[in-house]
Amino acid sequence: MVTLKDVAKRAGVSIATVSRVISNSDAVADKSRQRVLEAIEELGYYSNELARGLRQEKINAVAVILPDISNPFFADMLRGIDDVLSTCSYCILFNNTDNNIQVEKKCLENMRSMALSGALVYCCHKSLDELAPSLPANSDTVFLSGGSGLQADNIHFLSFSRKDTAYAAAKHLYDLKRQKLLLMLSSFRQDDNEFTEGIKKAAEETGGSYCIATSADNERDASRVFGQAYAAEHPDGVITESDIQAMGILSWLRTGGIDVPGDISMVGLGNTSLAQCTEPALTSAAPSGYQIGMAGANQLLNLIQKDSKNFLRDTKTLEQMLLPNIIVRGTSK
């Protein structure tokens, strides 16, 4: 295996100079840098990130712990994370937990033993206290699902409001003169009070009403549950927690000959790629999973690189990315 010593000998420089070139330090003369780069290419040298990380007590890798990669919302989130971290040469160690807190705990414990640079975690659980003993003490963790609690210097929460997003979605429908909304919650989440509070606030301000139903995060169950709720409540507006639910409901409405948006309007949460594939296209309440992933990855990099000259990321831009936004499409025109 080619070593730093071999590269230094070929380039005619010290091992320290080779190390500075590999770490992209400015403290290297241009001619020396060029000789080192040529030697690296000629010898086929590649740095051992794990060995280097162990010497520095950290490796350039981030654990990403998400509940369901088959859901487009979380697939988009992973893409946003990767688009940010890859620009700074950080590897991703991805874990899919199926929203199982025991799996989440095991993933975090594994991370703690691997000296990773940090973690990005999305949890749907009502309380995060059970995760506290598993969280790594020597690196930063950012919870992409928002929230609070778990008081520690290295525990952080992405700052965005599901309540405000839900409020914006409901206000949009009430402004369209829809009188009774159906909020379709996902059983994937546990007691999503923030989302419900946003709907309640909009209803109180506008004099509208709402009802609540809960389905699994799949088309068939969303269609079944919506059919029952429609027969009982006759809503003229719908807000879904996922675009997958929205697809099932739109299919039920189309089969029943109910016009969208003439008879009933709809808004979905998340703005995934599915939103533009429905017929009609689904009005969305952002931020999207992609935006949350990008913002969370940037926040983690700010924490990791806070003592580095690379600490240049604009937090105000990230905050703007997470503000509620309604993307109006065919289901609510």
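Residues are numbered from 1 along each chain as its sequence is written, and side-chain values use heavy atoms, with hydrogens and water left out. Because the model is predicted, local features need pLDDT of at least 70 and side-chain atom pairs count only at pLDDT 80 or more, while totals for chains, interfaces and linings use all residues.

## Overall make-up

The protein has twelve helices and eleven strands; these are DSSP runs (helices H or I, at least four residues; strands E, at least two), numbered from the N terminus. Of its 333 residues, 51% count as buried. Here buried means under 20% relative accessible area, exposed over 50%, and partly exposed in between, with a 1.4 Å probe and protein chains only. The exposed surface comes to about 16,000 Å², of which carbon and sulfur atoms supply 48%; the areas come from the Shrake-Rupley method with a 1.4 Å probe, and for residues only the protein chains shown count as cover. Among contacts (heavy atoms within 4.5 Å) between residues at least 6 apart in sequence, 69% join residues at least 24 apart.

Helix H5 covers residues 72–85 and reaches 20 Å from its first C-alpha to its last, close to the 20 Å expected for 14 residues at 1.5 Å a residue. The expected span is 1.5 Å times one less than the number of residues. At the start of H5, a side-chain oxygen of Asn71 comes to within 2.9 Å of the backbone nitrogen of Phe73. Buried residues in H5 include Phe73, Phe74, Met77, Leu78, Ile81 and Val84. Their cover includes strands S1 (59–66), S2 (91–96) and S3 (116–121), together with helices H10 (243–255) and H11 (289–304).

A nonpolar core is a set of buried Ala, Val, Leu, Ile, Met, Phe, Trp, Tyr and Cys residues joined through side-chain atoms within 4.5 Å. The largest one holds 29 residues, and Met77, Leu120 and Leu144 touch the most other members. Two or more residues come from each of S1, H5, H11 and helix H12 (315–321); H5 gives the most, with seven residues. Leaving out residues up to four places away in sequence, Met77 touches Leu66, Tyr122, Leu144, Gly289, Tyr290, Ile292 and Gly293. A second, separate core of 20 residues includes Cys211, Ala213, Phe226 and Ala229.

## Helix H3

In helix H3 (residues 30–43), Ser32, Arg33, Val36, Ala39 and Ile40 are buried. They cover an arc of only 125° around the axis, so they lie on the same side of H3; the arc is that of the directions from the helix axis to the C-beta atoms. These buried residues pack against helix H1 (4–11) and helix H2 (15–22). On the other side of H3, Asp30, Lys31, Glu41 and Glu42 are exposed. Just after H3, Gly44 takes a positive phi of about 70°.

## Backbone exceptions

Most residues other than glycine have a negative phi, and most peptide bonds are trans. The table lists exceptions in this model.

| Site | Feature | Location |
|---|---|---|
| Glu279 to Pro280 | cis, omega near 0° | Pro280: loop between S9 (265–269) and S10 (283–286) |
| Ala286 to Pro287 | cis, omega about 20° | Pro287: loop between S10 and H11 |
| Ser89 | positive phi, about 65° | loop between H5 and S2 |
| Asn99 | positive phi, about 60° | loop between S2 and H6 (101–114) |

Ser89 counts as exposed, at 55% relative accessibility, whereas Asn99 is buried, with a relative accessible area of 14%.

Note on methods: Polar contact = N/O pair within 3.5 Å; in protein donor to acceptor, adjacent residues only side chain to side chain.
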